[in-house]
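Work through the exercises below with the sequence and the model at hand. Each task is followed by a solution in steps.

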Amino acid sequence: MLRLLGARLLTMVPLLLVVSFLIYGLIALVPGGPETALAGSNPTPEKLAMVREQLGLNEPFLVQYWNWFSAAVQGDLGKSFVNGQSVWSAIAGGFPVTLSLVILTLLIAAVLGLGLGLAAALRPGSWIDRTATVIASLFMSLPYFWVGMMLVLVFAIDLRVLPAIGYVPFAQSPTDWFLHLITPAFALAIVPVAVVARQTRAAVTGVMTEDYVRTAEAKGLRPVRLVGKHVLKNAAVPVVTAFGVEANRLIGATVVMEQLFALPGVGKLTYFSVFSRDFPMVQGILLITAILIMFVNLAVDLSYGYFNPKIKAT
Amino acid sequence: MTQNQGLHSTEPPIMTAGTMPRPKKPEEPAVRRRRAGRFGQLARRFAGNKPALAGGVLLFVILVVTMGAPLFAPYTPEQINIADRLSGPTPAHWLGTDALGRDTLSRLLFGGQVSLAASALSVAIATLIGLPLGILAGYVGRGPDWLLNRASDILMTFPALVLTIAIIAVVGPGLTTAMISLGIVYSARLFRVIRSATLVVRQEVYIEASISIGTPGRTILLRRILPNVLPPLLIQISFLLASALLAEVTISLLGLGALPPTASWGSMLGQAFAEIRGTPSLAVFPGIAIALATLSFNLVGDGLRDSFGRATRKAEG
Amino acid sequence: MTGTEPSGSLLSIEDLRIDFVTDRGWVNVLNGVSFDIGKNEIVVLVGESGSGKTVTSLSVLGLVPRAHSRKTSGHIWYDGKDLTELPIGELRDIRGNEISMIFQEPMTSLNPAFTVGDQIAEAYRRHRGGKKKAALARAAEMLDLVGIPNAAARLRDYPHEFSGGMRQRAMIAMALICEPRLLIADEPTTALDVTVQAQIVELLIRLRDETGCGILFITHDLGVVAELADKVVVMYAGEVVETSVARDLYIQPKHPYTEGLLAAMPQQGVRGEELPTIPGRTPEPWSMPSGCRFGPRCSHAVEECGKAVIPLSVVDNGRSCRCCRSGDLALGGVR
């Protein structure tokens, strides 16, 4: 297991090098060069040259990249063009917010998606199955940000039971933290719920016809244990894969949700940085996002070995 | 530990193992061969699938009313009428008006043109890149395959939305650039599907046979590979259109895509959230339009997938 | 539902009729199956594919998919209870405890995601409770009993690390861990190599002698079980066509179908000659011939065979046979 982990971590290194190179290289594509973002609205050639010198843009490109990357490895992602704040601390500041949102969303997706998928799979063709299938199809097609708006309309404006927008840190008040996040998390969860429910239904229906399920039944196992142990572990691989894909997509979706709900997370920071052409910030966010997604993919891959011991053996 | 025991049975010829009354998955060939009337058969199966048919009809209606917006819309999308601003549904404005008194129904119809055309643009670009490269990688294999796979790995290391808005940060906002970037990002997804579908065909014996007889590469491509790559391509295109529509809406909602005064479903939603307390209808109707269009793409995609059958689903994975 | 349990036997199947739902609607797959299994007795249920032998064995533990089947008559008596009418909760207490079952495919009958030890111990904990450690120790004893070397260490192996024969041994260990009174073995050797087949049959005989459980052994191959059987029940097209003490049946079959099965045993073949086969195939449940169901394939058939339903009637010393010519035919047994 440890050796496998080590090997997988090693294969991430070249990918990370290429990805970081592309992230840095993206900035070279800025029309007129990144210095235009810093030099003000009507820059003189002298002013531009000065900014170029400050940013180290007169160095050969590879040297520039190496300076940036080696600093990044040591935790220095540079300074914001906009307010001079350290990129690293800005991202670290927003991270707990985004993480809270993503985890809450995945939790909702797990509970509702698994529940819906299982209910459908255990009674194929029943009204539960048909209802779950229709719900999944509809959820798949609802724009999450619009669902967020509608939830605000109903629960915050009409019923006044939930706050409309804003964020309260967990440490300050767990209840308020939850109440502020539940609306955006629920809206973000609708597509993952549908995807997870579909995958769960398909996987569980398949596993239920396997011979070893009949063996477990012949042992006298009761349904809860039969499904909870023997069926779920075998049905897990496609479901966990779906979770990985959805987690990846969620990171993108937080950009919109945090903007709509005024949540001070990395998503809102991304939006602000793109709008203000804050290139060091954009680079830093892209790099951190890529690393996070690599780790999510790694976790999903490693879980396969747990759910299917045969994979580990090969 | 040897595993070969038990793989073959030792039954006498007339007697086979006991029947089990449990349903088993039917076995189908990995690749469907082209048959006469195959597409006719397909169309019948698609039409027999009620949700798919409903999706097709819905899509057709949406296309007709948006493309025919100049005929159907009661006002022009930019017609400002401050006196009637922020009204809910009235006989004059069926779906109400926005902060500048512009008619929501008219803006929805014209905005649909913009949103749907934008998603079609990005999917077209994804197809132009993903289809040939997918066939190339799947058919040639070796070096090109390795290289293209790594490239798609890298593109897939970022969430599509994050990568697209990062590109916007560099080249500047605007719907066309946004959709071109999105198309490039989506091409990685299409590439994978096409590559694995090509790989399946390539491994089929009859392709090997055609190579040995010396059939020109173009014939193999047109007669053998394209027909087998088409089903997963069409399915992916339907689902990608749904994703691209959502992405257009997202990007325009954030103010990075369609810029004022152009109406798109996304920019309408973006302006609507500010007014949601007073005029909720502004947010409700564009959302319903987006949901219906997405639903129609998804239903058509599901229907195609079911009509093409299991074999395609395998190729997709 | 009325009826009483015949005394003396461990399990008694009585006039069991089961229908399956198919594309053509409900079709009958078991048509009045009756036979007994005595305590400590090995009964071999033999028949071709489609004869209903697997459905019969699955109905004992209620493992026939409920959504696709229905019982139209009959009882399965066990310990004063009709298993076909027992509430599912009580049936689950019997499954794997008093009556257990092993299946044809050892490759797929064990769950690939859990260790062999865990799956064996699970049956014990379900019915006997106790700590997991104690159950695992008991599982190791069982693996040892079924002849797996280094049993305690192999508990931690996953099924894919076992060979086919070892998996079937593990299945047997799992089935016997609660010391059941009856073991149902549904073609347990069919998927195995010939040498392994013989080992499994020997193991079952030894376990019967050591634990005293009755065994219902389902097979299509009379050759595999010649040394195992106390009693043989021959099924054809959803009906019992002959029951007999094993020795008598092998020496002198009473039903032409049994004769055909005996002749098709590979052990009966003459080197260099093709094995004799029964022409034709088992009729589908929706197109049963009238009269004797075996009639169209029978080399001894006469006009009378196709006229009326042939009852299962007692012939000499406790044997019964479903053939209207059983009195005047002299059929050949094993050479």
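**Exercise 1: one residue of chain A**

Ala236(A) lies in helix H10 of chain A. The model is predicted: local features need pLDDT of at least 70, side-chain atom pairs count only at pLDDT 80 or more, and totals for chains, interfaces and linings use all residues. Residues are numbered from 1 along each chain as its sequence is written, while chains are lettered from A and ligands numbered from 1 in the order in which they are written.

Task: Is Ala236(A) buried or exposed?

Solution: Start with the rule, using C-beta atoms placed from the backbone: buried means 20 or more other C-beta atoms within 10 Å of the residue's own, exposed 12 or fewer, partly exposed in between. Ala236(A) has 21 C-beta neighbours inside 10 Å and therefore counts as buried.

**Exercise 2: the sheet of chain C**

Task: Find the strand order of the open sheet in chain C and its edge strands.

Solution: Helices (H or I, at least four residues) and strands (E, at least two) are DSSP runs, numbered from the N terminus; two strands pair if DSSP finds at least two bridges between them. The four strands run in the order S2-S1-S4-S5 (chain C), with antiparallel pairing. Strand S2 (25-38) and strand S5 (81-82) of chain C each pair on one side only, which makes them the edge strands.

Task: Find how many bridges join S1 and S4 of chain C.

Solution: Strand S1 (residues 9-22) and strand S4 (residues 69-78) of chain C pair in the antiparallel sense over eight bridges. Glu14(C) has His75(C) in S4(C) as its bridge partner.
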